[in-house]
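Please keep the structure in view as you read.

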Amino acid sequence: MTTLIGTLVGFALTLFVLSYFFFRDWVLFRWVMALFIGASAGYAAAIALREVLWPMLLRPLLVLRQPLLLLPLLLVLLMLTKAFRGKVSRWGNVAVAYLVGAGAAVAVGGAVLGTLFPQSAATMDAFNFRLMRGRGMSWGEFVITGSLILLGVVTTLAYFHFGARPQPRRSPRRRGWIEALARIGEGFIAVTFGALFAGIFLAAAAALAETAQSLWLFILTLR
Amino acid sequence: MANEQSETIRCPMCGKPNPAEEEVCRHCGARLKPLTVDAKARPTADSYPQAGEEIFDLSAAAEDPLSSLDALLSDVPEGEDLLLGEIDVPLPEEEGAPAETDALLPEEEAALAANALLPEALGEAKQTEPLPPTEAAPWPEGTPEEEALAEAFADAGAETPAAEEAAPEAEEALAPAELPSWLEAMRPVESVPEPPEEEAETPMETQGPLAGLRGVLTPLTAAMLNPEERPWVSGRLALSPEHKKKIDILEQLVRDEFTPQALSHPRTPGTQRILRWLVAAVMLLAAFLPLVAPAFRQAALPGSFPAARAAQTVVARLPQQATVLLAIDYSPAFSAEMAAAARPLLADLQAKKAHLVVVSTHPLGPALADNLLTSLPRPYTAATTLGYVPGGAAGLYTFARLPRLLFATNAAGHPLWTGAALARIHTAADFDLVVVCTDDPEVARMWVEQVQPLLGQGTPLLMVVSAQAEPLVEPYYETAPRQVAGVITGLEGGMAYAATREMKVSAYTWLVWNGYSWVVLAAVALMAAAGLYNLLLGWWEARRHPRQPLLLDDTADEA
């Protein structure tokens, strides 16, 4: 019985979400969205209390008597002042500064060592025939792949070159050869965004197919 | 040269040298030596009221302005104007001009005229308190008029106590004042021609920069000072309908600033609405088609995916009973796609009896992980859920280095790192494999940047990602050495992984795969049709309206 009620509720909520196709942002769709957001926020708050604050901060502090954790507790209390208006909220800046500073340091270091250097090296590796041959690439594939990567990198960078010369009676324009490269780069950027959009659509198509399958199975169980 | 300079003085006006003994400049006539006048010796012209001058005690007026004004007005004969600020001072005349001695009143007449206009209180104050002499006031001498003035002031010297004593020395020290010719030319009084008779009745300014000009200042009449006789002026503005209209607009603007405005929903044209419903109907039909018609369940398996094949190779090399870190970092909206992508991999790990250690940087991740592991054909029981990793990139970095510090115990306080699978784990590099399931390319990048460098060669990193994150994750697979050892992309990647392993997929997954294939096919058909339609429409519009070059100004437009 419980399963049936749960399945019925799920069926109804799914139909309300799908109603956006026909009625757009109407009352039932908005109600379902509010329900989802509220449930997610409440669950996240419970998780934060149950899996973060109690086992990582309060329990070691109160039960295990670890005084060093007073500092994180102080930062937590300072962060709570951000919820108030007026001058009190300034005290929260200390906690925010600590979070932003530590987070930025970690993120920048990771970005440089984990993305910038390896990705630059990978772009240059495309012109390393020995390495590419080790990956099973033929000479023709190597030339085509390397040319495409070279052309794509150069023309995309040229697209983001905005230096232009004023022209009498006409809008300022870039130099002719930069303009030509930028046009090609525009094509590469369009292909990139097209691929991203295609990926988003494929994810939505998978969700639609799975939802249709769930609805169909529910209908079959009712018979 | 120096002696010559000491015997000459330079004119302050024209700058030319003159002998030291000269009183006036030989070249321009300007005075070279200053006039020295003993102020106590002689009274100045400003010290005494002149004919037509009104004396008004400002200190008394400041204390009680209304009573002072009333007292002043009470002395003015009815119907006559009260002249304020108009002082008739006799000016020195040029040589040969007739002396206007009439302007100087005898002592009795002057006192009578002054007392007639002054309030009683002011008059008493004037008699008892002599006005202070003005210092350094030049007083011309030499002409007959000046002599007359000197005599008049000498007669009135009783009011200036030190005048008699200082008079002889002062007369010797005083030199006749002679205005330079250029300064004489600037005096407006003599240069103004005689006014017509009608203008002569208007008062002429005798002092200050307006000296010599008539009718510049309106005389203050007694009626102006009397509040009862003052003309009544309304305080209300006379507004025309045009002004009223503008005021209404301004008030409406101010009111609108504080009135919440309802969002306007632009009406969608009927054709677009029909088109949207048509697209939705086609998509839903494609999704339900293989479910209602078994004839449409013939979708082909996806082709070879190198990244998925690489992932399968990594899993195949895993030892039995390996410890695998599984990160469930996708949102609930993508659970269908992500579960379909991850199930074949999890089934493979289950076959190798791998022990899963589950974490998530998403608060809902642990719950989604439980749902995923129990939805397998055989529920995955060999798993330990550590829980939620807070702190974003910093938290993930801490977990990769010191997982035992972050997760010392579970929520109930029981130790986590016990048992054969977990006892040897001290850092992320101690895991045999790390698998990250995410729909967000930013989260995938965070794992690559913060965790992968700490893993070393012995612990490969696999990614199970949504189709929307694949373009941004794929470059990490293309590096050498590979930062991501293998990638399984969405539903298609999961099916490719299963096809590579020749695994049997469930009937549920097979139906979802068929529906997915039909939806993608329908979308491709719709996009191709819409693109062709737009192409033809653009070609038709280009033929009807040829494109004009962009011109910036009117002259170029005309050209």
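Angles between axes under 35 degrees count as roughly parallel, over 145 as roughly antiparallel, 65 to 115 as roughly perpendicular and the rest as oblique. Axes are lines fitted to C-alpha atoms, for helices over the stretch in contact, and angles run from 0 to 180 degrees between N-to-C directions. Helices (H or I, at least four residues) and strands (E, at least two) are DSSP runs, numbered from the N terminus.

This is a predicted model; local features need pLDDT of at least 70, side-chain atom pairs count only at pLDDT 80 or more, and totals for chains, interfaces and linings use all residues. Residues are numbered from 1 along each chain as its sequence is written, while chains are lettered from A and ligands numbered from 1 in the order in which they are written.

Start with helix α5 (residues 92-125) of chain A. It packs on helix α19 (residues 441-450) of chain B at about 80 degrees, with the axes 8 Å apart. α5(A) and α19(B) are therefore roughly perpendicular. On α5(A), the contact (C-beta atoms, placed from the backbone, within 7 Å) uses Val106(A), Gly110(A), Ala111(A), Gly114(A) and Thr115(A). α19(B) brings Arg445(B), Val448(B), Glu449(B) and Gln450(B).

Now turn to chain B. Strands β4 (residues 355-360) and β5 (residues 383-388) of chain B pair in the parallel sense over five bridges; pairing takes at least two DSSP bridges. Leu356(B) stands opposite Ala383(B) in β5(B).

Finally, the contact between the chains takes 56 residues from chain B and 46 residues from chain A. On the chain B side, helix α23 (residues 507-544) gives the largest share, eight residues.

Methods
Two residues are in contact if their C-beta atoms, placed from the backbone, lie within 7 Å.
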